[in-house]
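Hi,

Here is the structure I promised to pass on. Have a look, and my notes follow below.

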Amino acid sequence: MGKIKLFLVDDHKMIREGLKNFLGDHPDFEIVAEAENGEDCLNQLRDIAVDIVLTDLNMPIMDGLELIKTLKIDHPNIKIIALTMMGESQHIKQMLAEGALGYLLKNCSEEELIQAIKSVYEGNTYYSPEVTNIILNNIRKIKPISTSKVVTEMPLTEREKEVLHLILKEQSNKEIAEQLFVSVRTVDAHKRNLLDKTGSKNVAGLVLYAIERQLFDDV
């Protein structure tokens, strides 16, 4: 496997320098560019290849949310990790809904950030424990879903619920297939049905769907 190409986007130079100090020395990573806002990032992406963008949320000119919206249209193969001090539930849910595969707070350890980068690069999601707790605590305060909304939703089959449950446990498609004694292709089909039925754009949306509806006691 070649080095994972990283793009650092943060309006604070000290943050970028700190990230470069330990990520730049890691044998699996290559920092190919840095930018101080989303617009600067997009301009540079015209000329370079990138695997993962690590971005802050609160930045001048173009913030992290606007950046990820544009990236998903213009550079859909680039994966995004939010690395920010903004731990409010609405910011987390907005970024995940737009397609961020990772969300960490800046007080995370170097080991956790490295784990998140590798996990997201492999196509999985990664949310720091603090972020997960923030979402769960917020969900507990949400009012019950209106009856009219429930009526319009398509019910999930028991097998789809099983697949969703394993997705929330961060199981890969191969691991899910092995546990349910089905093919990986079958798991892919169930995942597509889950996205269609829940109206989710990605796995992060499925996670939010399950948490908001309290489908599983252990999540």
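Which residue in E4 stands opposite valine 53? That would be isoleucine 80. Before the rest, the ground rules: this is a predicted model, where local features need pLDDT of at least 70, side-chain atom pairs count only at pLDDT 80 or more, and totals for chains, interfaces and linings use all residues. Residues are numbered from 1 along each chain as its sequence is written, and side-chain values use heavy atoms, with hydrogens and water left out.

Strand E3 (residues 52-55) runs parallel to strand E4 (residues 79-84), with four bridges joining them. Helix H3 (residues 64-74) packs on the sheet and touches strand E1 (4-9), E3 and E4; the direction of H3 makes about 165° with that of E3. (Angles run from 0 to 180 degrees between N-to-C directions, with axes fitted to C-alpha atoms, for helices over the stretch in contact. Helices are DSSP runs of H or I, at least four residues, and strands are runs of E, at least two, numbered from the N terminus.)

The sheet is open, with six strands in the order E2-E1-E3-E4-E5-E6 and parallel pairing; two strands pair if DSSP finds at least two bridges between them.

Threonine 55 lies in strand E3 and counts as buried at 1% relative accessibility (buried is under 20% relative accessible area, exposed over 50%, partly exposed in between, with a 1.4 Å probe and protein chains only). Leaving aside neighbours within four places in sequence, threonine 55 has contacts (heavy atoms within 4.5 Å) that include Val9, Leu67, Ile81 and Met95.

Cheers
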